[in-house]
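Open the structure in your viewer and keep the selection tool at hand. The stops below say what to select and what is there.

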Amino acid sequence: MKHFLRMLIQVCLYFYCKFLWRCLKFVMRKLTGRCELQRICYNTKPGASRTMKIETSLKDSKSKLLQTSVSVHFDAIEKTIEDIMELKKINPDINPQLGISLQACLLQIIGYRNLIADVEKLRREPYDSDNPQHEEMLLKLWKFLKPDTPLESRISKQWCEIGFQGDDPKTDFRGMGLLGLYNLQYFAERDAAAAQQVLSDSLHPKCSKFSKAEWEKKRMDKAIGYSFAIVGINITDLAYNLLVSGALKTHFYNIAPEAPTLSHFQQTFCYLMHEFHKFWIEEDPMDIMEFNRVREKFRKRIIKQLQNPDMALCPHFAASEGLINM
């Protein structure tokens, strides 16, 4: 009975607040002569703050046109904006900036939805060793990470040197599908020096070219050791969940002036790899068994950063060149 009453009160409060909000919007429209979309565009700076407010306003609208505007095709955005202006009785000649601002917001909103679909498609595609393209990507990953060491054969214990679990990496991609391979190759190719350094630092002393004394001198003892490729796939999972949950909207709406793309997502992965590596060193875990604890602490740290509407995960390294557009 208490549970029922609690739910009833929550439902009543929801509708009461919604009613008050609609009344407030009506009063503000009469006082300012502007609809909510106008007030947001004119009073909020470009970026995540504006786009997220516009997205919420459109989704919560009573109008079917406004509700569906966040999921139209790119080619239909201009027509959709014209329809919204007509519905709201806004003269585009008197308010030209509104159409421009709405277009920028819709490009980001729809682009984010499309990016989720693109990323999901890659995640669901399994690695196929009979697919020449998949095999080529995997071999390129080795070449980018170990340019001076030839791979003796496709099935080889050498794969452990870059952090795979066995002699055939295809089994390690099961969780994230091709997405994990795409991200690892992007990092290794676009920021080769940094990727090779992270790989070198991640190696356990017994697998490293450094002597134990040299590792101690570099202040990198065995606690830092982890499997580079496996962690890369794990960080891919983190980036994927941040994307799907909407947490990355803050970042993408601040860095992408139009639609965020797969390259933006991969660049974000590179940033997360950099940051996780530094975080792992700072945490100084006793052994690899602490990985889940460190990863969860790192995830909470990133989410907290992304709660700031002005936040942009802006790494300044090679993989980000040409992608950051503040």
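**Stop 1**

Select Glu282: the residue is exposed, because its relative accessible area is 55% and exposed means over 50%. This is a predicted model.

The side chains of Glu282 and Arg301 form a salt bridge, at 3.6 Å from N to O. Glu282 belongs to helix α13 (residues 262–283) and Arg301 to helix α14, so the pair links distant parts of the chain, 19 residues apart. Arg301 has a relative accessibility of 34% and therefore counts as partly exposed.

**Stop 1: Asp310 and Lys45**

How many salt bridges are there in the count? The count comes to 17 salt bridges. For another one, select Asp310 and Lys45, whose closest N and O atoms are 3.2 Å apart in a salt bridge. Colour the segment after α14 (291–306), where Asp310 lies, and the loop between α2 (36–43) and α3 (48–59), where Lys45 lies; the pair therefore ties together parts that are 265 residues apart in sequence. Asp310 counts as partly exposed, because its relative accessibility is 44%.

**Stop 2: Asp168 and Arg154**

Now select Asp168 and Arg154. They form a salt bridge in which the closest N and O atoms are 2.9 Å apart. Asp168 and Arg154 each lie in the loop between α7 (132–145) and α8, so this pair ties together parts that are 14 residues apart in sequence. Are Asp168 and Arg154 buried or exposed? Both are buried.

**Stop 3: where α6 meets α8**

Select helix α6, residues 96–124, together with helix α8, residues 177–190. The two helices pack at an angle of about 105 degrees, and their axes are 3 Å apart. Angles of 65 to 115 degrees count as roughly perpendicular, and α6 and α8 are therefore roughly perpendicular to each other.

To see the contact, show the side chains on both helices. Which residues of α6 and α8 make the contact? On α6 they are Val119, Leu122 and Arg123. On α8 they are Gly177, Leu178, Leu179 and Tyr182. Colour these residues by type: the contact of α6 with α8 divides into five nonpolar residues, one polar and one charged.

How values were computed: Residues are numbered from 1 along each chain as its sequence is written. This is a predicted model: local features need pLDDT of at least 70, side-chain atom pairs count only at pLDDT 80 or more; totals for chains, interfaces and linings use all residues. Side-chain values use heavy atoms; hydrogens and water are left out. Axes are lines fitted to C-alpha atoms, for helices over the stretch in contact, and angles run from 0 to 180 degrees between N-to-C directions. Helices (H or I, at least four residues) and strands (E, at least two) are DSSP runs, numbered from the N terminus. Angles under 35 degrees count as roughly parallel, over 145 as roughly antiparallel, 65 to 115 as roughly perpendicular and the rest as oblique. Contact means heavy atoms within 4.5 Å. Ala, Val, Leu, Ile, Met, Phe, Trp, Tyr, Cys and Pro count as nonpolar, Asp, Glu, Lys and Arg as charged, and the others, Gly among them, as polar. A salt bridge is a side-chain nitrogen of Lys or Arg within 4 Å of a carboxyl oxygen of Asp or Glu. Buried means under 20% relative accessible area, exposed over 50%, partly exposed in between (1.4 Å probe, protein chains only).
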